[in-house]
Amino acid sequence: ITPELKEHEALILNAEERCAEIERRIYLQVCDQIAALSTRLLATARAVAQVDVFAALAEVAQRNRYVQPVLSDGDTIRIAGGRHPVVELSLHDEPFVPNDTLLTAEEAILVITGPNMAGKSTYLRQVALIVLLAQIGSYVPAASAEIGLVDRIFTRVGAQDEIGAGQSTFMVEMVETANILNHATSRSLLILDEIGRGTSTYDGISIAWAAVEYIHNHPRLQSKTLFATHYHELVELAKFLPRVRNYNVAVAEEGDRVVFLRKILPGGADRSYGIH
């Protein structure tokens, strides 16, 4: 050690402390300046965020041929040539097949049957997404759309368990179904995909049948409902529940092959082609 080195060391250590102190002081000054302008900055951020959302929706609508929906206070949902906004962009080997939808006070519950992989779940989801997009102010993926406003969209789609909570797949399905039946209104849109599949066939049919009857008959409910099922017995409901209609996803058999036509047609299916 020499006195000269010792002086340099003191200068360097003092400089580091002084730098940290200056940085801290300047940082606090910047924070004070931002805080003083926080109202204007937050207003600007909100405005930029809104422009960002509108610009993104406009770009998607322009790129993917969306149309402006007609919103009304009525109870009719009429969609011509509806498409799923995500699935249609993910298909490369085949074009997306659009489908029509009509839900009215007289035709409120659609029981949809058809094979696995034919497109039932895609159809259910696309109707829910079109209604949602319309009500947030977006254009929608369809040829035309008239959307009667809904208060909520309830869904019971997919299979999952809650092992940590001690709930089986079937229990989760029943809890979610009960929540829908307890809280939906006549202005709600219900998307129900294969209710009752998690238990025995006899019990499952009974639960699905009872759910459709309850939605149809309860004065608080009578909700617009898309109900996909593999229980072909449910097509009998349309014979004595006046607001129930049967639809199926069309298929064509070519020898041992099953060709999915992806088209939703009136009437019930009689096979699920699970073994195929």
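Is Arg65 buried or exposed? Arg65 counts as exposed, at 58% relative accessibility. Here, exposed means over 50% relative accessible area, buried under 20%, and partly exposed in between, using a 1.4 Å probe and protein chains only.

## The model

This is a predicted model: local features need pLDDT of at least 70, side-chain atom pairs count only at pLDDT 80 or more, and totals for chains, interfaces and linings use all residues. Residues are numbered from 1 along each chain as its sequence is written, and side-chain values use heavy atoms, without hydrogens or water.

## Two positive phi angles

Most residues other than glycine have a negative phi. Arg65 is not a glycine, yet its phi is positive, about 60 degrees. Arg65 sits in the loop between α2 (38-63) and β1 (70-72). Helices (H or I, at least four residues) and strands (E, at least two) are DSSP runs, numbered from the N terminus.

Gln222 also has a positive phi, near 50 degrees. Its loop runs between α6 (201-217) and β8 (224-228). Gln222 is partly exposed, with a relative accessible area of 33%.

## The nonpolar cores

A nonpolar core is a set of buried Ala, Val, Leu, Ile, Met, Phe, Trp, Tyr and Cys residues joined through side-chain atoms within 4.5 Å. The largest one has 26 residues. Ile77, Ile79, Ile112, Ile147 and Leu226 have the most contacts inside it. Elements that each supply at least two residues include β2 (77-82), α4 (120-135) and β9 (244-254). The largest share, eight residues, comes from α4.
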